[in-house]
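Here is a short tour of one protein complex, taken a piece at a time. Keep the picture open while you read.

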Amino acid sequence: MIQKKKSNKANIIFILALLILIFVLEQTLPSSSMLLTVVKKSAIYALAAVSMNLLNGFTGLFSLGQAGFMLIGAYVYGMLTIPVADRAAVYQYFDGGIIQFSIVEGLSGVLGNVAGLILGVLISLIIAGAIAGLLAYLVGLPILRLRGDYLAVATLGFAEIIRAFFQWEALGPLTNGSNLLRKFTCLDDFNIVVDGKVAVYLSTTVLVLIVAACILVITLVINSTYGRAFKAIRDDETAAEAMGINLAKHKMMSFVISAFFAGVAGGLLAMYQTTAQAMPFKSAMTYEILLIVVIGGIGSVTGSCLSAFIFIGASEWWLRFLDMEKYNIPGLNILRPGFRKVVFSVVIMIIVLFFRKGIMGENELNIAGFGRWLKQIFTKKKAAVAAAEEGKNNG
Amino acid sequence: MADNVLRVENVTMQFGGVVAVNNLNMEINKGEIVALIGPNGAGKTTAFNVITGVYAPTNGQVSFCGKTIVRNHPQGKMKKLYQGENATRYTAEYRPEGEADKENPDPYRGTAHVLEPTPDKITALGMARTFQNIRLWKSQTVFDNVLIAKHLRRTSNLFTATFRGNKKEEARQREEVLELLKIVGLEDVKDELSTSLPYGKQRRLEIARALATDPKLLLLDEPAAGMNPQETDELTSFIGEIRDQFQITILLIEHHMNLVMDISDRIYVLDFGKLIASGTPNEIQNNQKVIDAYLGVEEDDA
């Protein structure tokens, strides 16, 4: 117990240090820096992956509806925060749409700009998640009776239907049909501007803070008595039911919580992209998130976070040079646009082959544990060296 | 009877054209250890699954501590297929003849009441079971396996549990689990993975997990399966101990006759789904029908 508390402390200090580092980096690096872009995008994907992990990894329900729930979150967030003055321009084909308020604007009028912005965005994100969760509940009623592959197919179908539904012209006054939602409150609105120049950059830090808070809540759920029940369902449904765990209720809980946080992740993605459109929320996005979960380790929260960073970093940044013909070695013209994806696929195959259980398996990254592990390796090496020397002396 | 714990009445379980359990009647009283025995395929585990809600019976009713928990009659396609007895006994149209039934009034008489609760609801009433093939939660430690079973008796909801509003309850549960592990002798391995335990200890853990749900009736499905004689002896005394310590009633299915004869107060014998005998171990040992069922009867003209 004492050791657990100590390692918890170490982890909290580590996360705080990380946040401070991100804050400092944001002030020093140019805002177009690739590192900040990767940090932002991977934070959002980390949240989506952890929410998927809660369902797929901890409850053992193989669902592929993540992109659908993210889409709902992105749209709901966008619809709620477009300033009234801009609505006519955004909903130009639909007479300015039917929603004629913005939560952020409304709260800013009452509470002042700063509090209105923070509270407005948080409330909008929570509503975005809640509506995704509500839809998950309704969809879950019939489809959570399915098992294994059937559930995966049903949720995948649901996500595709949602995507088509949101592009439906008849819903235009609400969703802007197949046109973009834009001009809503986005991450850059958090930067503190003095005299037309950004004094303090906060967009990345705020995003990472929100993601960290969401992941903390998911971790708390996983470590609570309900999370233990989820794991029991994953390990053996029959035994879980025989020990008094109501399967329908607990599966639904996990499904709704997962959808809620996927919705929040969708809202954050909209904030990051500054526009929202149904098109990119394809099943390919779900597969990306699934890959992150698998690479990180099914059943590991820190694994998902770590692999989100690695995955996004590799696909957006570190492997970029493979697409550029100017880096070709003369005579060996293999680098060309698209080659990055070939290498990326091979790397993923290698990871899946050699780390069957992902980077972390079912373990969690623990700073104190990491230190002990390093120490162990070091002492082992020393011991090995000593043993070898002893062997020499004896021989 | 006031101290009746489990009453199984006219239970028939038919799968398609196969009658697995045929008109089974059983009664278990408080504090008893009752064994259900029979040759392979006699329908013992099916009977267990009906009692614990895994299957809804085709016909019949099960009551627990005087309360009817499972009840059904042949419906739909089964109406035609049904080969068992008492087909109309539990339907809405049933009217008893004679005076005998007045003593034991049926609260569902005249209603088409069908009760098919899921296993978790039955466990919540105070009936816990173990499995023939051990079903522990594999990725969890010994301690967590028992702790998860405590989830049933929680008072916290999702919100209070997430934001740790249930610290007191959590601490109490952990203490209780530790206590329970001490009693069953698994305290020293509490942090090991459940599947890394030797077979006998896994059985013990399964029983401990069932006990953690605070049952009044414990159902053990072949607790000594795959055990050597020494382990079986240990288990025999262990079952007696937990009956006395937790003041529970036990129904068990078993093939090890030494164990059955040693600890059972009463025995029910099933063969081809039908109850062929019941009584004390002594009576059963000398029952010709039982001996025939186990050893087979020689046919006259070969």
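This is a predicted model: local features need pLDDT of at least 70, side-chain atom pairs count only at pLDDT 80 or more; totals for chains, interfaces and linings use all residues.

## A helix in chain A

Let's start with helix H5 (residues 103–111) of chain A, where the buried residues are Ile103(A), Val104(A) and Leu107(A). "Buried" means that 20 or more other C-beta atoms, placed from the backbone, lie within 10 Å of the residue's own. Helices here are DSSP runs of H or I with at least four residues, strands are E runs of at least two, and both are numbered from the N terminus. Those three residues span an arc of only 90 degrees around the axis, so they sit on the same side of H5(A); the arc is that of the directions from the helix axis to the C-beta atoms.

Residues are numbered from 1 along each chain as its sequence is written, while chains are lettered from A and ligands numbered from 1 in the order in which they are written.

The predictor gives the complex an ipTM of 0.89 and a pTM of 0.90.

## A strand in chain B

Now look at strand S4 (residues 59–64) of chain B: five of its six residues are buried. S4(B) pairs antiparallel with strand S1 (residues 4–15) of chain B over five bridges; pairing takes at least two DSSP bridges. Across from Phe64(B) in S4(B) you'll find Leu6(B).

Terms used: A residue is buried if 20 or more other C-beta atoms lie within 10 Å of its own, exposed if 12 or fewer, and partly exposed in between; C-beta atoms are placed from the backbone.
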